[in-house]
Amino acid sequence: MRSYRGSLTELLEEWKLTDNPFWADYQILGPMFSALRIFLGMDDVLPVIVGSKGCAIHLRFSLIAWGEEDFDLGKRPISVLEYPLDKIVVGDYQITTAWIEKMKKLVEIRKPRLIVLMPTDPLTLSGTDMAGIANEVNTSLEVETTFLSISAISGANQWVGYDAALRALYQPLMGKKYAKRNAVNLVGWMWPSRRRTHEIGACIDMLKTLGIEVASIISGGSSLKDIENSMEAKANAMVCAALAGDLLHELEEHGMKLAGRRSPYGFSGTTEWLEDIGQALDMDIKDQIRQLALLYESQFQANKEILRGKKVFVSGGPGRLIGLLHTMLDYEVDIQAAALFWPHPWSHQDLLHMFEEHDLKLKEFIVSPSLYDLEEIAGKYEIDVWMGGYQEQHTCKAHGIPFVPITVYTVPHVGFEGAVNLGNKLIMALNGYSFTEDVFNAKEIEPCIHRQQ
Amino acid sequence: MHSSSTMRFQGRLEPFKGCGILGGLQGTIGIKGALPIIHGPVSCSAGYRMVPLFADREPLVPTTALTDPDLIMGSQKRLLHSLDKAWEIYRPTLITVITTCAVSISGEDFQAIAREFTQQTGCPVLIIDGSGIAGEESHGYKSMYYEVRKLLESKDDAILPEKVCLDGLSLTDFAVENMHHQISSLLKENLGLSCGPSLFLDFDLTRDRVAYNQSRSLLLGHLWTEGHNWQPAPYGIAGTFVWLKWVCQELGLALPQRAEGLYMAARRILARYDLLKITKNLRVAIEADGWLGIGLSRFFEQELSVPVMLSTDQAGYAYHKEDPFAHACYEDVGGSELFLFCEDFQANLVFGSSNVRSDQWDYIPFTPPIWHGKEERHSFMGYEGAFELLDLLSRRLDHN
């Protein structure tokens, strides 16, 4: 695992991360989870874990923690095709009739168009013929079946999982020709919801106000047909830039510009995101963007009066952190330190953008933080309010620091409204409000939504 | 005596129980100042870092974060660096290195590293095989138990006959405080026994050592299959009395008259309940480890004549296979598959994890994972617990 702790300017000069063999991580999900949640959020794809059942158990733990309450993903099946050690050792990958019969019933209920086999480490490491297993599943269940070539050991963060999952979905479409239309795909939303009060609903509504058509959402709540329809869009825009495989660059060669790379957070970040999409679609929407921003301007300014100069710590993944930095810089808070949960290939460039274009300054920057890093940061700096992953609540409680969890999705943090929502939350935390119900469940606030007359 | 089945449930799609990593963590979290290190890919720690949260602890589950190249080069040196850093930062009382599937495939040895590290620092290191292809969740816990027992061994401490330790529970068990309280009360009131420190319930390796060694262990919970006579948890009136007799047998005690008197008193109270009314049309589904699941199912089936569907672990399934009583018993089925089984069974009262929580039936949280912190934490053990459950069923009836 590659990590960094030190000055931001030095990091940006060299982007030199060092190996950390003792990572007390609290936020990373690993490649299997990232791949799983792409498939599980889709209506007609059925993921199957192959090999060790332990992976299914802990993936379900994570999944429920990340989506059960808000998005009801907990009841979706995560099937396991289990192979114990004695079978793996002799290469016996026979599938039992009992398992096939069970799967047939599940297929009848879920009606998947695609089954994705997800190998666990023992299978990838022993060079198991996954194509052979996929072929047998396909023949027995008469459902198209594919497999991933990655497992937990393939990466120290989500990246390879997202990339592998996106490839599994897009590879069959890459050789085909599609008529293009002036629409954009929203990439990086994992959940079935399209509710207005969720981030995806806020993004769709914002684009609709500006007359921009959304072709498909990648991939939560979508179907394989939606994935195919996405090939007709002229651009891909990131709702959460963490979900970005190299595949998105390859899709540019298929006429889908990668626009709005950084998530639409803050006034500055949202404006950039929307202008970038407008440019990719050859639409001049700058006036409309200004009108939209004006709806929230007075509340934003009122929040800014309170927040300006407040000492803040902020952390997030490669998508959200950049967005939160946009928001914090818009509010002119004094960022003491920041942490990036995990670096993806765009992180260096995104942080450079924030440094060069938005004058990002802070005292200390961490890549791939551990709980012990947070502890030190909390002791070292005087922090008025802390924004971070939900489990950073423990550090904040221990040090009596007001805390705003950023990994809770029920009030949008995106768009101009999201900037106001985040500002409201920071002020509430400063005034003593606790956003943590318990170690699993957050308390939320009413969202701020305005519409043009 | 029952023998544990080694056969896996090949027709099952979604498991209820995890791999040995989970068991290893359940043990480690219950020792003061102990630190787990997951030696393997980050996924194996990431998913299970929810486990400390079950005990309301910080999700401190560090990992060596192995990737493919680390395995090719050999992971021993990496583990040593990890131990050194763990010591430098946390000064733990004990380190549990929990190995994973990837590492078990590589066949590397880590005992020598552990010994060397302990010699240098004085901090004991346990190597626990957490690999899911080699063992079950319960194996991880049992390995932890026997390894920690070795650390505590002493020939100098004289046994105090009135002291027992409740071994086999974990801070991560749902409602463990109530469970421990109800069992301790049962032992005190019926048999005059008092409870000493329990391993894995905030156990202090230094402070609790002597008291632990002076007590006799009762093997419960995760360890209920480690003795000669497997005895499920004390649920119900008859079930509790049978359990008390088992305790006496295990400890070589005669059953005191007081215990018989309390049993008869409990029966008299039970007779005041309108059981036919309370249990009419009731169909119960239970998702639980064998010790809990068998005990609670028996209460419903044999004392209340309520049909039960049970999904349990390997040991519970093996126990039930030898002496079947439930309407249906499944081995290690969980998740949405179990949810469908509950629907098919037409259950109207379900005990289990959040995976089977639904508006379709009355739900009683019973088994981790429980994601809803506000849920009431009942354990329903002993005579008191049985009446607590019956009162709850009565209120349910009034409500419906």
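The mean positions of the 43 positive and 59 negative charges of chain A are 4 Å apart, where Lys and Arg count as positive, Asp and Glu count as negative, and His and the chain ends are not counted. Each charge is placed at NZ of Lys, CZ of Arg, CG of Asp or CD of Glu. In chain B, 35 positive and 49 negative side chains are present, and the centres of these two sets likewise lie 4 Å apart.

This is a predicted model, in which local features need pLDDT of at least 70 and side-chain atom pairs count only at pLDDT 80 or more, while totals for chains, interfaces and linings use all residues. Residues are numbered from 1 along each chain as its sequence is written, chains are lettered from A and ligands numbered from 1 in the order in which they are written, and side-chain values use heavy atoms, with hydrogens and water left out.

**Chain A as a whole**

- Chain A contains 18 helices and 15 strands, these being DSSP runs numbered from the N terminus (H or I with at least four residues for helices, E with at least two for strands).
- A compact globule of 453 residues would have a radius of gyration near 22 Å, and chain A agrees with this at 22 Å; the radius is taken over C-alpha atoms, and the globule rule is 2.2 Å times the number of residues to the power 0.38.
- The C-alpha trace of chain A spans about 65 × 50 × 40 Å along its principal axes.
- Of the 453 residues in chain A, 65% are buried, a term that stands for under 20% relative accessible area, with exposed meaning over 50% and partly exposed in between (1.4 Å probe, protein chains only).
- When contacts (heavy atoms within 4.5 Å) in chain A are taken between residues at least 6 apart in sequence, 74% of them join residues at least 24 apart.
- The accessible surface of chain A comes to about 15,700 Å², and carbon and sulfur atoms account for 47% of this area; the areas come from the Shrake-Rupley method with a 1.4 Å probe, and for residues only the protein chains shown count as cover.

**Chain B as a whole**

- Chain B has 17 helices and eleven strands, and its C-alpha atoms fill a box of roughly 65 × 50 × 40 Å, taken along the principal axes.
- For 400 residues, the radius of gyration of a compact globule would be near 21 Å, and the 22 Å of chain B agrees with that value.
- Buried residues account for 63% of the 400 residues in chain B, and the chain exposes about 15,400 Å², of which carbon and sulfur atoms supply 49%.
- Among the contacts in chain B between residues at least 6 apart in sequence, 72% join residues at least 24 apart.

**Cysteines**

- Over all chains the count of disulfides comes to zero, a disulfide being a pair of cysteine sulfur atoms within 2.5 Å.
- Cys329(B) is in no disulfide, and the nearest cysteine sulfur, that of Cys342(B), is 13 Å away; Cys329(B) counts as buried at 16% relative accessibility.
- Cys396(A) is also buried, having a relative accessible area of 2%.

**Backbone features**

- The peptide bond from Ile218(A) to Ser219(A) is cis, with omega near 0 degrees, and Ser219(A) is found in strand β8 (residues 213-219) of chain A.
- A cis peptide bond, with omega near 0 degrees, also runs from Pro368(B) to Pro369(B), and Pro369(B) lies in the loop between β11 (362-365) and α17 (382-399) of chain B.
- Ala175(B) has a positive phi of about 60 degrees although it is not a glycine; Ala175(B) sits in the loop between β4 (163-167) and α9 (176-191) of chain B and is buried, with a relative accessible area of 5%.
- Ser305(B), which is not a glycine either, has a positive phi of about 55 degrees; its place is in the loop between α14 (290-303) and β8 (308-312) of chain B, and at 62% relative accessibility Ser305(B) counts as exposed.

- Thr279(B) belongs to helix α13 (residues 275-279) of chain B and counts as buried at 11% relative accessibility; leaving aside its neighbours within four places in sequence, Thr279(B) is in contact with Leu304(B) and Val306(B).
- Ala302(A) is found in helix α13 (residues 286-307) of chain A and is partly exposed, with a relative accessible area of 42%.
- Ala302(A) and Asn424(A) are separated by 122 residues in sequence, while their C-alpha atoms are 9.9 Å apart in space.
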